[in-house]
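I opened my notebook today to look up a few things in one structure. Here it is, so that you can follow along.

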Amino acid sequence: MTMDLYFDNAATTKLSERALAAYAEASSRFYGNPSSVHRIGIEAKKKLEEERECIASLMGINGNQLFFTSGATESIAAVMSSLLFTTPGHIIISKIEHEAVSSWLPVLRQHGWRTTELRARNGFVDPEELRAALTPETKLVAIMAVNNVTGAIEPIDKLVRTVREYEKEGKRRIFFFADSVQALGKIDYRIEDIGIDGASFSGHKINGPRGIGMLYLENSAAFRPLAPAGGQEKGKRGGTENLPAISALRVAVEEWLVGREEKNLRAAALKERIASAVSDLGFQIISPEMSSPYILSYSGPLPSQVYTRMLSDRGVSVSSGSACSNNSKGEGEKILIAMGVRPDKARNAVRISLSNSTTEDDAENLIRIIREIGNGR
Ligand code: PLP
C-alpha cells in the first residue's frame with residue numbers, strides 16, 4: 001500500500017476532527033436561520049455572534065470588524081467590486097498577487113481605473129517602489145501578506161507606513177488591503193498593529209471547511225458592498241450565514257492561533273530539514289529566507305509536471321508552482337518570473353506545503369522519497 005503523504009496544504013488542508021465535530025454540532029443544535037425571530041433563530045444568532053467574538057478576539061480585533069463570506073476570493077471581490085461605486089482612480093497591486101486579486105485589474109481598467117503592478121524582486125515588494133507609484137489619485141493598495149507560491153513574507157508594516165506617510169502629505173486616505181490567506185496562524189501577524197484597512201482570510205487553508213472565509217474591515221462605515229441582499233453581516237454581505245462552517249472555522253482558528261509560536265517553530269524546523277535535504281541533492285531553493293515556515297518552493301532539472309507525478313506515484317501530494325487550481329495553469333510560473341526566477345527554473349518549480357498537523361515522521365518519509373527519486377539525473 002502506498003503511503004499518503006499530503007504536502008499540499010497551501011492549496012487546501014484536511015478538515016480537522018475537532019472542526020468537523022463543531023460543524024456537526026452546530027448543524028444539529030443551531031439549525032435555525034439567524035435572521036428568524038423565533039427561539040431557534042435567536043439561538044442560532046446568539047451562537048453566530050459568540051463564534052464571531054471568539055474568532056475576533058483570537059485575532060486581536062473587534063467582532064464588528066469581521067464579516068463572514070464564502071471564502072477569500074469573495075472577500076477580495078467584495079473590496080474590489082466596491083471600487084466600482086466610486087469615481088475611477090488609481091489602484092496599486094503587486095505582480096505576485098493571487099488571481100483572486102489580479103483578475104480584477106482588467107475589470108477596473110474597463111471602468112476607467114488606472115492600474116500599477118509593482119515588481120517583487122527576490123519575492124518582496126519594495127516600499128520605495130511603492131512610494132514612487134503613489135499618486136494623488138491612488139485609492140487602493142493591495143499587497144498580500146504571505147505569497148502562496150514561495151511563502152515570502154511581505155514587509156506589510158513598512159508598506160503600510162509608506163502609504164500613511166504619503167497620506168500625511170495632505171493627500172486623501174488610501175485603503176490598504178492585504179490578502180492574508182497564507183498568514184493567519186502561520187506567521188506573527190497582528191492586523192491591528194500593522195494598521196491595514198482590509199484583509200481576506202480563508203477557512204480551508206487552516207484546516208477549516210471549504211466555503212467559509214472572512215473579510216476584515218478596520219472601519220466598515222463607508223463600505224458599500226455589491227451584494228447586500230438580505231442585510232446579513234450588518235448589510236455588508238447578504239445571504240444566510242453558514243453557521244456550521246463558521247463554528248468549525250472558530251475551532252480551526254483556535255487550533256492555529258493558540259500556541260501559534262511554538263507550532264510555527266516546529267514547522268520551521270521541519271521545513272529546514274526538508275530544505276537541507278533537497279539542496280544536498282542539488283535542487284535550488286526558491287523560497288527566500290523570510291518566508292512562511294509552511295511553504296517551501298524549489299526547482300530542479302525535471303519539469304515540475306514530471307517530478308510531481310513521480311512524487312505522486314509514491315504517495316506524495318505536492319503542487320507544481322502555485323497551482324491553487326489547475327484552472328489557472330501558469331499562474332505560479334508567472335509569479336516566479338515576476339520575482340526574477342529564470343523561466344526554465346520557474347517551469348521546474350515545485351511547492352511543498354506543511355500544516356500544523358505535519359509530523360516528524362511525515363517529513364522523514366518525504367525526505368526518504370525525495371532522496372529515492374533524486375534529482376532526475
Ligand atoms: N489568496 C491566496 C494567497 C490564496 O492562496 C488563495 C487560495 O486559493 C486565495 C486567495 C483564494 O482563497 P479561497 O479558496 O478561500 O477563495
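**Ground rules.** I am working with a predicted model, where local features need pLDDT of at least 70, side-chain atom pairs count only at pLDDT 80 or more, and totals for chains, interfaces and linings use all residues. Residues are numbered from 1 along each chain as its sequence is written, and side-chain values use heavy atoms, leaving out hydrogens and water.

**Ligand.** I looked up what surrounds the ligand and found 13 residues, the closest being Thr-73, Asp-179, Ser-202, His-204 and Lys-205. Here a residue is near if one of its heavy atoms lies within 4 Å of the molecule. By class, this shell has 4 nonpolar, 7 polar and 2 charged residues. The classes count Ala, Val, Leu, Ile, Met, Phe, Trp, Tyr, Cys and Pro as nonpolar, Asp, Glu, Lys and Arg as charged, and the others, Gly among them, as polar.

Next I checked oxygen atoms of the ligand. A polar side-chain atom of Ser-202 lies 2.7 Å from one, and for His-204 the distance is 2.8 Å. Ala-72 uses a backbone N or O atom, 2.9 Å from a ligand oxygen. On its own the ligand has 400 Å² of accessible area, and the protein covers 90% of that (Shrake-Rupley method, 1.4 Å probe).

**Helix H2.** Which residues of H2 are buried? I noted Gly-41, Ala-44, Lys-47, Leu-48, Glu-51, Arg-52, Ile-55, Ala-56 and Met-59. Buried means under 20% relative accessible area, exposed over 50%, and partly exposed in between (1.4 Å probe, protein chains only). Seen down the axis of H2, the buried residues fall within an arc of 165°, so they line one face of the helix; the arc is taken from the directions from the axis to the C-beta atoms. On the other side, Arg-39, Lys-46 and Ser-57 are exposed.

**Loop residues.** Is Asn-122 buried or exposed? Asn-122 counts as exposed, at 58% relative accessibility, and sits in the loop between strand S4 (114-118) and helix H6 (127-133). Helices (H or I, at least four residues) and strands (E, at least two) are DSSP runs, numbered from the N terminus. Its phi is near 60°, a positive value in a residue other than glycine.

Asn-207 also has a positive phi, near 65°, but this residue counts as buried, at 6%.

Last, I found Ser-103 in the loop between H4 (99-102) and H5 (104-110), partly exposed at 38%.

Conventions
Polar contact = N/O pair within 3.5 Å; in protein donor to acceptor, adjacent residues only side chain to side chain.
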